[in-house]
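Open the model in your viewer and keep the selection panel at hand. The tour goes from one selection to the next.

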Amino acid sequence: MFAECQQAEGSVGVVGMTDATSNLDSHGRPLGVLRLSLTARCNLACPYCCPDSRDPEGMLELQDQLRLIRVACSLGVHTVRLTGGEPLLSDRLEPLLTSIALGRPAGLKEIALTTNGVLLSPERALRLRRAGLDRITISLDGADAASIARMAGVQGGAKAGQSLLNQVLSGLEAARSAGFDPSQGALKLNAVIQKGRNDDQLIPLARLARDRGVELRLIEYMDVGSRNGWSLNQVMPALEMVQRVASHWPLDPVGRSSSSTTSRWQYRDGAGHLGVIASISAPFCGDCNRIRVTADGQIFTCLFASQGADLRPYLRASEPEAQLRERLSDLWTRRSDRFSEERRLRGDVDKPHAEMAYLGG
Ligand code: SAM
Ligand code: SF4
């Protein structure tokens, strides 16, 4: 099926809350977001991502994930984003949400999901909503069938792409019907744009999103992982994307809120917003508040890091929770990562990176 990749506890309670400002990293940035990957596997094979076909050894158990979320929230995390690989492949997703809901940690404001939407049936969307999921972002890199097949790494050309498009759009409508309201920011679309590969999809994608009243976020192709053969000349700068869309539908700048990855623009005709994630051309390391934990418990304090640190010894129920708290706090306060800004300053593009499907975006 895949075309291009080259590789083959119960409920959550409260542990003493911390004033987030007392937990700043070495650049003065507070911790705010935990991106937790539920699996490294995926049912697609986007060539810019190249996921694994199997999960690594030593996957976290539900109790480990709950402990992690609880302790991270005590250190300032207010948003948990569940990701993958493809998180809808995980049978852990609903039990995790339900367990979190049973004792939502103080400070946890939002639980979000990033998915390719293929498995988002009406029943699943409703279950996720009822289990306490607040927001869904669906990834779709084109509006044209052949382009979608190419970007998703599936064989079968336009026919396969059309069937994928139908599934993803059904998923979008299932999410809307389940109560994920795009006008409240609870349902969004993500698209990675690669110059010369799917930049012809910019206008069709913007039209698709406008027609459905959903905010589209255009992502610059990033040098995460080492399987995708990334090069700078495949990156379309966010400003160019905005200019192209604005030539069809004029846009006014809204800006980027603190610690957000997204710079937003507003359609002058009132058709909502467009977002761009300019990680390469306009890095936002200065207020980055994110940690990422992989499905096998490796913590990364930067999306572009080569290596993580193993949290598993601290996640076991036999270990005192205070030790996990100390470890997380120590990792965060010593954090000095600002890779995207350094890349821009030094042109440092050859560093090895962990894979995106492992980190979760
Ligand atoms: N499978 C889910 C999905 O596709 O939404 C979640 C995991 S995926 C790794 C998370 C996000 O990362 C997706 O929006 C995907 O498009 C984006 N992504 C993956 N590789 C990327 C790359 N090299 N550059 C920019 N974004 C990338
Ligand atoms: Fe799968 Fe998401 Fe990676 Fe595409 S970007 S291969 S959908 S994990």
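Angles here run from 0 to 180 degrees between N-to-C directions, and axes are lines fitted to C-alpha atoms, for helices over the stretch in contact. Keep in mind that this is a predicted model.

**Stop 1: a helix on the sheet.** Select helix H6, residues 202-211. Helix H6 lies across E5, E6 and strand E8 (263-267). Against E5, helix H6 runs at about 180 degrees.

**Stop 2: the whole sheet.** Now show the strands. How many strands does the open sheet have? There are 12, with mixed pairing. Trace them in the order E7-E8-E9-E6-E5-E4-E3-E2-E1-E10-E11-E12. At the edges are strand E7 (251-255) and strand E12 (309-310), each of which pairs on one side only.

Next, select helix H1, residues 62-74. Helix H1 packs on the sheet and touches strand E1 (33-37), E2 and strand E10 (290-293). The direction of helix H1 makes about 170 degrees with that of E1.

**Stop 3: one strand pair.** Select strand E2 (residues 79-83) together with E3. The two run parallel, joined by 4 bridges. Zoom in on Arg81: its bridge partner in E3 is Ala112.

**Stop 4: ligand 1.** Select ligand 1 and the 19 residues around it. Which of them come nearest? They are Tyr48, Gly85, Ser139, Val192 and Met222. The shell around ligand 1 holds 7 nonpolar, 10 polar and 2 charged residues. Strands contribute as well: strand E3 (110-115), strand E5 (187-193) and strand E6 (215-220) each supply at least two residues of this shell.

Now go through the polar atom pairs:

- Gly85: a polar backbone atom is 3.0 Å from a nitrogen atom of ligand 1.
- Asn190: a polar side-chain atom lies 3.4 Å from an oxygen atom of ligand 1.
- Met222: a polar backbone atom is 2.9 Å from a nitrogen atom of ligand 1.

On its own, ligand 1 has 550 Å² of accessible area, and the protein covers 94% of that.

**Stop 5: ligand 2.** Select ligand 2. What surrounds ligand 2? The residues are Cys42, Leu44, Cys46, Tyr48, Cys49, Pro51, Gly85 and Asn116. By class, the shell of ligand 2 divides into 6 nonpolar and 2 polar residues, with no charged ones. Finish on Tyr48 and Gly85: they stand around ligand 2, and they are also among the residues that come nearest to ligand 1.

Terms used:
Residues are numbered from 1 along each chain as its sequence is written. Chains are lettered from A and ligands numbered from 1 in the order in which they are written. This is a predicted model: local features need pLDDT of at least 70, side-chain atom pairs count only at pLDDT 80 or more; totals for chains, interfaces and linings use all residues. Side-chain values use heavy atoms; hydrogens and water are left out. A residue is near a molecule or strand if one of its heavy atoms lies within 4 Å of it. A polar contact is a pair of N or O atoms within 3.5 Å; within protein, one must be able to donate a hydrogen and the other to accept it, and residues adjacent in sequence count only if both atoms are side-chain atoms. Accessible areas come from the Shrake-Rupley method with a 1.4 Å probe; for residues, only the protein chains shown count as cover. Ala, Val, Leu, Ile, Met, Phe, Trp, Tyr, Cys and Pro count as nonpolar, Asp, Glu, Lys and Arg as charged, and the others, Gly among them, as polar. Two strands pair if DSSP finds at least two bridges between them. Contact means heavy atoms within 4.5 Å.
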